[in-house]
Each structure stands twice: as C-alpha cells, then as structure tokens.
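Morning, everyone. I have one structure to walk you through today. Please take a look at it before I start.

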Amino acid sequence: MRVSLISTALTALTLLVPAARSQPTPDEVDDLAAIGLKNRYAYDAANEDSRSRKCNSSITAVRREWGSLSKPERRKYIDAVLCLMQKPPISDPTEVPGARNRYDDFLAVHINQTLSIHATGNFLTWHRYYVWAYEQALRNECGYDGYQPYWAWNKYASDPINSPIFDGSEYSMSGNGEYVKHNGTPATPWTIIPPGPGGGCVVTGPFKNMTVNLGPVNPTLDGVPAQQGNGLNYNPRCLRRDISVNASMGWTKTSDVTSLIEENGDIYWFQTVMQGEFEKGSLGVHGGGHFTVSGDPGGDFFASPGDPAFYLHHAMIDRVFWIWQNQDPKNRLDVVSGTLTINNVPPTRNTTLDDEVNLGVLAPPVRLGDLLDTTGGPFCYIYL
Ligand SMILES: [Cu+2]
C-alpha cells in the first residue's frame with residue numbers, strides 16, 4: 001500500500017488547525033501551490049526511493065502565511081525573534097566586532113557572503129538553508145514551537161502598510177518608519193523607487209526599540225552613510241523603513257508571481273526573472289519585496305537581514321521556489337544554474353550539485369544538491 005506520508009501529515013494537521021485562525025482568501029498563487037502539492041504527492045507515491053520518505057507525517061513542518069496565523073501565534077514568533085536579539089553572539093569577535101547578539105550572527109554571515117550568494121548558482125539553496133537555520137535558532141534557542149511564517153506579498157501588494165505584517169500593531173513585524181523627507185530609493189542603477197510616506201525610524205510595534213548593530217554596506221536611504229570597513233563593525237542605530245506601494249504594485253502582484261512560476265520552466269530563467277533583470281527596469285519579486293520594505297538596513301543588499309521582515313520575505317521567496325519545483329518534481333528537484341560569483345563577475349566556473357553551501361557559524365556545511373528538496377536532505381517542511 002502506498003500512502004503519501006505528506007498527505008497523511010496534511011490530513012492530520014488540518015484537523016489540528018485552531019478554529020481561531022483566519023483563512024485568507026485563496027488566490028492564484030495559492031492555487032498553484034495546491035496543484036504543486038498534489039503533483040508532489042503523486043511523484044512521491046510513484047517513487048519508492050523518493051527522498052521525502054524520511055520526512056514522515058509526524059515531523060513534517062508546515063510554514064504558514066503571516067495573515068493566516070492567529071494573533072497568539074504571531075506573537076510567539078515575534079517574541080522568539082526578540083529573544084534571539086537578547087542572546088549573546090557566537091561569532092568570532094575578531095571577525096565580527098560589531099555583533100552584539102545572536103540575531104547579529106545571522107546578519108553578519110549574510111554581509112560576509114553577499115557577493116557569492118546573489119545572482120549565483122547557490123542563491124536559492126543558500127537562502128533556503130539560511131532561513132531554515134534561523135527557524136532552527138528560534139525553535140532551539142528561544143523556545144519557539146511554530147515554524148517560519150511567510151509574507152505572501154501579492155495578498156497585500158495594493159496596501160502593504162495596512163497589512164497584518166506592517167500595520168504597526170503588537171501582532172505585526174512593526175510598522176513603517178516615521179515620515180522623513182528624502183529623495184527616493186536608488187534600488188538599482190536603472191530604478192529609483194519614489195519616496196514613500198516613511199524614511200525615518202520605526203516607532204510602532206514590537207521592533208520599535210530594536211537596535212541595528214551592523215552595516216550598512218550599500219545604503220540606499222539619504223542620510224544613512226555606509227560604515228567604514230566591511231560592515232561588520234559596531235554601528236548602532238534605529239530600524240528605518242520606507243514602505244513602498246510603488247514597489248509592491250510594481251513587482252509583487254499576484255500576476256507577477258504566477259507569471260514567474262508559469263512562464264519560466266528553466267531554472268536559469270526562473271531564478272533570473274525572480275531576482276530581477278535590473279537593466280530592463282525589473283526588480284523581480286525578490287527585489288520587489290526587499291524594496292517594498294526599503295530603508296535601513298532593509299534597502300541594503302548586504303545588510304537587509306538586519307530588518308526582521310527579511311525572513312518573512314525570504315520564506316516567500318523559498319515558497320515560490322517550492323511551488324515552482326512542485327509543478328514538475330521529476331525535473332526540478334536536482335537543478336542548478338549559475339556560477340560562483342555575482343553575475344559571474346569576476347568569471348568563475350559553474351556551480352554544481354556537489355558544491356558546499358556554507359553558513360559559517362550558523363549551521364554545518366551541506367552539499368548544495370541536498371538542499372533542493374524541502375522534504376529531503378536536512379529539511380522536512382512544506383508550505384500551506
Ligand atoms: Cu540575500
């Protein structure tokens with residue numbers, strides 16, 4: 001008898017969903033996710049040696065959309081992030097003199113590796129592993145019993161400031177920055193995001209007193225200069241945002257997400273369109289999400305994980321990758337494209353499945369090919 005372990009898990013989980021959880025209206029991205037999950041069950045059922053067989057029903061984690069979490073569930077996640085910001089760092093102080101807490105350890109690794117993890121062959125797997133390591137830290141070091149939530153950009157693209165993620169309530173990831181006049185955000189050499197209603201310090205919600213300690217390296221906000229050196233020195237300042245409906249409507253609408261998934265069957269094009277074709281004026285859903293938040297460090301290519309919304313954004317990036325993979329599991333679970341250097345500058349060899357993905361102090365190195373299946377390798381999670 002072949003019963004999909006994941007579908008058994010899902011049935012069990014559906015029964016456990018608390019009644020208090022609100023159910024957002026499913027959209028076409030959710031439809032593609034559901035089709036993908038069905039495909040994946042069928043694929044697993046037909047393949048005895050499917051890697052997901054180790055990821056059984058009792059341990060499959062389900063990552064959910066922020067707006068579908070109950071308020072107490074949101075608050076548990078927020079409190080775990082605040083807890084991480086209170087724990088001592090484990091980075092080598094000679095390498096990361098500015099790290100003051102465990103949250104900074106994650107930011108430091110991203111700053112350090114920025115030029116070898118974006119527009120490279122490892123972009124999707126590196127960030128998948130990175131978000132997973134963060135989720136592990138929240139759970140193992142801060143007692144969090146949920147999983148990494150994601151920000152379904154498209155559900156709130158028309159009004160991100162009033163979304164449950166950024167509405168500034170105690171159940172949000174904090175609100176917009178205070179209004180400060182500025183000249184807009186130079187997202188790329190080809191695209192300047194017009195100034196929005198923020199630009200200053202975040203003064204509402206759970207992260208209003210947060211101190212950003214590292215970076216910026218490549219700031220995009222007027223009046224916030226890059227720090228001297230490599231971005232890893234101590235540079236305490238407030239969290240700033242300039243939430244932009246221009247960016248969210250520009251690149252993260254439902255049609256932006258569905259076309260990315262449906263019109264790019266090849267991993268090269270999928271990851272290229274996702275990350276943005278800057279010279280064509282496109283930020284892609286990746287850049288679109290980052291510049292919906294903007295500010296400091298959100299608008300800094302290197303230090304963007306210094307804004308705690310980063311992890312919800314990158315969970316959605318990972319979900320879109322997962323949805324894309326599940327449209328054709330037979331052909332999309334062992335794919336890699338790209339080289340070792342950003343946009344292949346300077347030129348380097350092609351990335352391979354046997355390359356190592358390295359997160360420094362955050363997690364042990366793993367073979368890239370083992371990070372391509374969210375229900376195989378070190379991972380055991382799906383998205384609902
Ligand atoms: Cu990144």
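This is a predicted model: local features need pLDDT of at least 70, side-chain atom pairs count only at pLDDT 80 or more; totals for chains, interfaces and linings use all residues.

Let's start with the whole chain. There are 11 helices and 10 strands. The C-alpha atoms fill a box of roughly 65 × 50 × 40 Å along the principal axes.

Now the inside. Of the 384 residues, 58% count as buried. Look at contacts with a separation of 6 or more: residues 24 or more positions apart account for 71% of them.

The chain exposes about 15400 Å². Carbon and sulfur atoms supply 54% of that area. On charge, there are 31 positive and 40 negative side chains. The centres of the two sets lie 4 Å apart.

Next, the metal. Which residues coordinate the copper ion? His110, His118 and His127, each through NE2, at 2.1 Å. Along the chain, these donors follow the spacing H-x7-H-x8-H. Histidine 118 has 3%, so it is buried. Histidine 127 also has 3%, so it is buried too.

On to helix 9. This helix is mostly covered: 10 of its 10 residues are buried. Among them are Gly284, His290 and Val293. Let's pick out histidine 286, which sits in this helix, residues 284–293. Its relative accessibility is 8%, so histidine 286 counts as buried. What does histidine 286 touch, leaving aside neighbours within four places in sequence? Its contacts are Phe123, Met274, Gln275, His313, His314 and Ile317. Take glutamine 275 from that list: it is 11 residues away along the chain, yet the two C-alpha atoms are separated by 5.1 Å. After helix 9 comes serine 294, with a positive phi near 50°.

Not counting residues up to four places away in sequence, aspartate 105 touches Pro89, Ile90, Ser91, Ala99 and Leu362.

Now the backbone. Where are the cis peptide bonds I want to show you? One runs from glycine 215 to proline 216, with omega near -10°. Proline 216 lies in the loop between strand 6 and strand 7. Another joins aspartate 296 and proline 297, with omega about 5°. Proline 297 is in the loop between helix 9 and helix 10.

Serine 174 has a phi near 80°. Its place is the loop between helix 5 and strand 2. Asparagine 343 has a phi of about 50°. That residue is in the loop between helix 11, residues 329–332, and strand 8, residues 356–357. Asparagine 343 has 59%, so it is exposed.

That's my tour. Over to you for questions.

Terms used
Residues are numbered from 1 along each chain as its sequence is written. Side-chain values use heavy atoms; hydrogens and water are left out. Donors are N, O and S atoms within 2.8 Å of the metal (3.2 Å for Na, K and Ca); water is not among the atoms, so sites may look incomplete. Buried means under 20% relative accessible area, exposed over 50%, partly exposed in between (1.4 Å probe, protein chains only). Helices (H or I, at least four residues) and strands (E, at least two) are DSSP runs, numbered from the N terminus. Contact means heavy atoms within 4.5 Å. Accessible areas come from the Shrake-Rupley method with a 1.4 Å probe; for residues, only the protein chains shown count as cover. Lys and Arg count as positive and Asp and Glu as negative; His and the chain ends are not counted. The place of a charge is taken as NZ of Lys, CZ of Arg, CG of Asp or CD of Glu.
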